[in-house]
Amino acid sequence: MFTYETTDRKEARRFRMAQFNGRPATVRSAGATVTGRVRAIVESKSGAMAAWVVTIVPDEPKTAASAARPAPRLCFAAEDNF
């Protein structure tokens, strides 16, 4: 799991929407890029500014075999068309 802290309201809202809709979210922090599902987003009130702690479960990296599309199914038999 990957934890990320932000003070940006728009970014926190984007993470909440990704969690609600079940879409993956991408975080770029310190030169690293993490893409995964948002597990939790918690507001931290331990300072003068509002901050949110986001927990992301990284997705498995895609391999060349899983990224390729399956071959189309072609039908050449005449009796299948009637």
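Strand β3 (residues 32–44) and strand β4 (residues 51–58) run antiparallel to each other and are joined over eight bridges, where two strands count as paired if DSSP finds at least two bridges between them. Helices (H or I, at least four residues) and strands (E, at least two) are DSSP runs, numbered from the N terminus. This is a predicted model in which local features need pLDDT of at least 70 and side-chain atom pairs count only at pLDDT 80 or more, while totals for chains, interfaces and linings use all residues. Residues are numbered from 1 along each chain as its sequence is written, and side-chain values use heavy atoms, with hydrogens and water left out.

**Sheet and helix**

- Four strands make up an open sheet with antiparallel pairing, in the order β1-β4-β3-β2.
- Because β1 (2–6) and β2 (24–29) stand at the edges with a single partner strand each, one side of each is left without a neighbour in the sheet.
- From one strand to the next the twist averages 50 degrees, with axes taken as lines fitted to C-alpha atoms, for helices over the stretch in contact, and angles running from 0 to 180 degrees between N-to-C directions.
- Helix α1 packs on this sheet and touches β1, β2, β3 and β4, its direction making about 100 degrees with that of β3; contact here means heavy atoms within 4.5 Å.

**Positions in and around β4**

- In β4, V54 is the residue that stands opposite I41.
- T55, which lies in strand β4, is buried at a relative accessible area of 16% (buried means under 20% relative accessible area, exposed over 50%, and partly exposed in between, with a 1.4 Å probe and protein chains only).
- Leaving aside residues up to four places away in sequence, T55 touches M1, F2, T3, R37, V38, R39 and A40.

- Searching the whole structure finds one salt bridge, defined as a side-chain nitrogen of Lys or Arg within 4 Å of a carboxyl oxygen of Asp or Glu.
- The side chains that meet in this salt bridge are those of R14 and E11, at 3.8 Å from N to O.
- Both R14 and E11 lie in helix α1 (residues 9–21), where they are three residues apart, about one turn of the helix.
- R14 is partly exposed, its relative accessible area being 40%, whereas E11 counts as buried at 17% relative accessibility.

**A positive phi in a loop**

- Most residues other than glycine have a negative phi.
- A30, a residue other than glycine, has a positive phi near 55 degrees.
- A30 belongs to the loop between β2 and β3 and is exposed, with a relative accessible area of 85%.
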